[in-house]
Amino acid sequence: MAMAFKMATTGMWVTDECKNSFMEMKWKKVHRYIVFKIDEKSKLVMVDKVGSASEGYSDLEASLPGDDCRYAVFDFDFVTVDNCHKSKIFFIAWAPNASRIRAKMLYATSKDGIRRVLEGIHYELQATDPTEMGFDVIQDRAK
């Protein structure tokens with residue numbers, strides 16, 4: 001398996017699949033969202049789940065575990081007040097209160113590394129419970 005980038009601070013590697021899936025979402029619009037996870041044993045950041053273009057934000061929320069951390073990107077399509085169609089990509093750092101402290105620390109220290117690999121993110125959210133990343137929050141940030 002070829003590795004794309006090593007994150008210097010944590011020694012984690014971001015797989016090529018992460019970047020390739022992100023580029024497919026960004027340019028080809030074949031994915032609505034991507035969830036990433038860190039495998040502590042192999043020291044890899046890998047794709048955990050990919051949402052098809054027909055899925056929505058509620059599908060992304062349902063795919064995040066309630067007791068473990070994840071990263072996610074979401075492609076939000078909307079229409080401006082000027083009737084212009086736009087798309088903004090959100091990066092979500094999910095660290096629920098029920099997750100292990102070690103996982104929270106690992107995800108927090110690895111976040112900047114994966115953000116550098118995923119070029120073209122417009123907004124970032126950090127959430128510890130679903131209300132901090134609700135669809136209304138996404139809509140407000142995109143305006």
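Is F36 buried or exposed? F36 has 0% relative accessibility, so F36 counts as buried (under 20% relative accessible area; exposed is over 50% and partly exposed in between, with a 1.4 Å probe and protein chains only).

The model is predicted: local features need pLDDT of at least 70, side-chain atom pairs count only at pLDDT 80 or more, and totals for chains, interfaces and linings use all residues. Residues are numbered from 1 along each chain as its sequence is written, and side-chain values use heavy atoms, with hydrogens and water left out.

**View 1. F36 is part of strand β3, residues 31–39.** Strands (E, at least two residues) and helices (H or I, at least four) are DSSP runs numbered from the N terminus. Between F36 and A95 there are 13 Å in space, C-alpha to C-alpha, and 59 residues in sequence.

**View 2. F76 and F90 form an edge-to-face pair.** Nine aromatic pairs are found in a search of the whole structure. For F76 and F90, the ring centres are 6.3 Å apart and the planes stand at 75°, so the pair is edge-to-face. F76 is in strand β5 (residues 70–79) and F90 in strand β6 (residues 85–94), 14 residues apart, and the pair links distant parts of the chain. Both residues, F76 and F90, are buried. Rings of Phe, Tyr and Trp (its six-membered ring) pair if their centres lie within 6.5 Å; planes under 30 degrees apart count as stacked, over 60 as edge-to-face and the rest as tilted.

**View 3. Ring pairs join residues into a cluster.** The cluster links Y57, F74, F76, F78, F90, Y123 and F135.

**View 4. R115 has its charged end over the ring of F91.** The distance to the ring centre is 5.6 Å. A charge sits over a ring if NZ of Lys or CZ of Arg is within 6 Å of the ring centre and within 35 degrees of the ring normal.

**View 5. The largest pocket is lined by residues including R70, W94, K104 and Q126.** A pocket is an open set of points on a 1 Å grid over the protein atoms alone, with protein on both sides within 12 Å along at least five of seven lines; lining residues have an atom within 4 Å of a point. The volume of the largest pocket is about 160 Å³, taken as the space filled by probe spheres set on the points. Helix α3 gives the largest share of the lining, four residues.

Conventions
1 Å grid on protein atoms, 1.4 Å probe; cavity = no way out; pocket = protein on both sides within 12 Å on 5 of 7 lines; lining within 4 Å.
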